[in-house]
Structure formats: structure tokens, C-alpha cells
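Dear colleague,

I am handing over the structure below, and after it you will find a short account of what was found. Please read the two together.

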Amino acid sequence: MSEVNNVASPALTAAGVACSAQTLASGITHDQLGLPANTEMKGNYVKSVTVTSTGPTNALVTVVLKAIGSAVADDATVTWTGVCGAGGIEWTVAGSVNAKYLPKK
């Protein structure tokens, strides 16, 4: 599961920079964030990483996983929800994988 953090890191950083620069907006695209297409952001266990936003103060980074033995199902997700504030972006992590496999903040 450490690969999840590594592959998602550019998306988390790009969303954080957009928050700080006040350029985060509804319908923002990977191209606008300087990121490759979501399916190009992958690894041995990661299928894709997608960044979305519904407004200037929030971001959602979703990682879709490949099956990892019997512990993680195919198409399971890890999601970071970011809220922009005066001090930058604050992330919370959730997903459909077992909580013990979720990355720490």
C-alpha cells in the first residue's frame, strides 16, 4: 500500500498548490493542474489517480487499485478529501479498502 502514497503524491501536491494559488475550481482538469491523464498515473497496484473539484475550496483525489491478494479487492479505492483554508489544504483519507490499509495523513 505504500505505492498508493507515491503514485498519488503529485496529484495531492498539485491540488494543494492550486488551493494556495486560489486557482482550484469546479471542473478542474489534470491538464490544468499539470498532471498526466488519470490512467497514466499508475503503478504495480494502482490503476489510476483522479483529481476533481466542485469548487474553489475543495479537492478530491481518488486512487483506484488493482487486487492485492485477498486483502484488497480489484477497483477498491483510497480517497483524499481536501478542504482549503487560510493555512492551506487539510486532507482527510478514506476509501473502500480496510481501514488498516489506509495511508496515514
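What radius of gyration does the chain have, beside that of a compact globule with 105 residues? The chain has 13 Å, which agrees with the value near 13 Å that a compact globule would have; the radius is taken over C-alpha atoms, and the globule rule is 2.2 Å times the number of residues to the power 0.38.

Please bear in mind that this is a predicted model, in which local features need pLDDT of at least 70 and side-chain atom pairs count only at pLDDT 80 or more, while totals for chains, interfaces and linings use all residues. Residues are numbered from 1 along each chain as its sequence is written, and side-chain values use heavy atoms, with hydrogens and water left out.

As for the fold, the chain contains one helix and four strands, in the order α-β-β-β-β along the sequence; these are DSSP runs, numbered from the N terminus, with helices (H or I) of at least four residues and strands (E) of at least two. Buried residues (under 20% relative accessible area, with a 1.4 Å probe and protein chains only) make up 40% of the 105 residues.

The structure holds one disulfide, defined as a pair of cysteine sulfur atoms within 2.5 Å, and this pair is Cys19 and Cys84, with sulfur atoms 2.3 Å apart. The pair links distant parts of the chain, since Cys19 lies in helix H1 (residues 2-20) and Cys84 in strand E3 (residues 77-85), 65 residues apart. Both Cys19 and Cys84 are buried.

Methods:
Buried means under 20% relative accessible area, exposed over 50%, partly exposed in between (1.4 Å probe, protein chains only).
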